[in-house]
Amino acid sequence: MNKQERIKELLELMNIPEFEKLINIKVEELKIILARKIKMYYKLKSEFKRAKQEVLFENGVVGSRTYFFELNRVEASDSKIGYTWILKKIEPEPGMYNTEEIIPTDVIKFLGSHTTNPTKIEFNDFFSEQSGKAYDIKSIKYNDSRVFGTIRAVREGKKVEDSPLEEKRDTITLDFPNKEIENEEKYTELFRYMEKYPEIKEHIFTYFYVIQKPLVDNAEEMAPPPTTRFDKVVP
């Protein structure tokens, strides 16, 4: 079952009230477990959207509009590789323009070929054979099925090098606190094993409630009260 079929099945089953309730509980639980990654994801998207401008000025001349885009990988039985990349979202609305004029299919295919890395921003000047234009692109392949970033056309009918793919390429690796990411991965793995193996969950709960929690609670009760502070001593 592919991703689209799974989503369709999930939406269908959510018509059952009990199923919908359990799914909502699980979603809220995952939002807590994966809070750090969720925050990182939305922050990255927000930064790209903020970089989106109505117009750009180059040497005093009004340049082309910058667009924010999101790409999704979807199953495609007619494709040799079994999937294809599609444009899921573009901002601002293209209006009178066709979306392929803004982000041609050969650009989409090129971006989908990037290596997945949620901490690496790719900078590319890409010449599209399809549109005959060169594009300035900043993007991040967040996972194997999601790419987002910004794009703008920078010139027409000009290919700087013989390569039909890219004129230049650079990257920036984002600096995320490794300790927080490692701790989050440990929590995620712990919860996964607790859900998969009930005996592990029972052992952890027993150890916490029978040994650790009573020790901590007792230590808190035995601790001396905080020293009272007097700003002024009254005789």
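Glu 70 counts as buried, at 1% relative accessibility. In this predicted model, Glu 70 takes part in a salt bridge with Lys 89, with 3.6 Å between the closest N and O atoms. Glu 70 sits in strand β3 and Lys 89 in strand β4, so the pair links parts that are 19 residues apart in sequence. Salt bridges with shared partners connect Lys 45, Glu 70, Lys 89 and Arg 146 in one network. The structure has 9 salt bridges.

**Strands β3 and β4**

- Strands β3 and β4 run antiparallel and are joined by 8 bridges.
- Arg 73 has Trp 85 of β4 opposite it.
- Lys 89 is partly exposed, at a relative accessible area of 30%.

- Pro 92 lies in the loop between β4 (83-91) and α4 (99-102).
- The peptide bond between Glu 91 and Pro 92 is cis, with omega at about -5°.

**Salt bridges involving helices**

- In one of the salt bridges, the side chains of Arg 6 and Glu 9 meet at 3.2 Å, N to O.
- Arg 6 and Glu 9 are about one helical turn apart, because they are 3 residues apart in helix α1 (residues 3-13).
- Arg 6 is partly exposed at 47% relative accessibility, and Glu 9 is partly exposed at 32%.
- Lys 26 and Glu 195 form a salt bridge between their side chains (4.0 Å, N to O).
- Lys 26 belongs to helix α2 (residues 17-33) and Glu 195 to helix α6 (residues 178-196), so this pair ties together parts 169 residues apart in sequence.
- Lys 26 is partly exposed at 32% relative accessibility, and Glu 195 is partly exposed at 45%.

Methods
Residues numbered from 1 in each chain as written. Predicted model: local features only at pLDDT ≥ 70, side-chain atom pairs only at ≥ 80, totals over all residues. Heavy atoms only, no water. Helix = DSSP H or I, 4+ residues; strand = E, 2+ residues; numbered from the N terminus. Pairing = 2+ DSSP bridges. Buried < 20%, exposed > 50% of the residue type's maximum accessible area, 1.4 Å probe, protein only.
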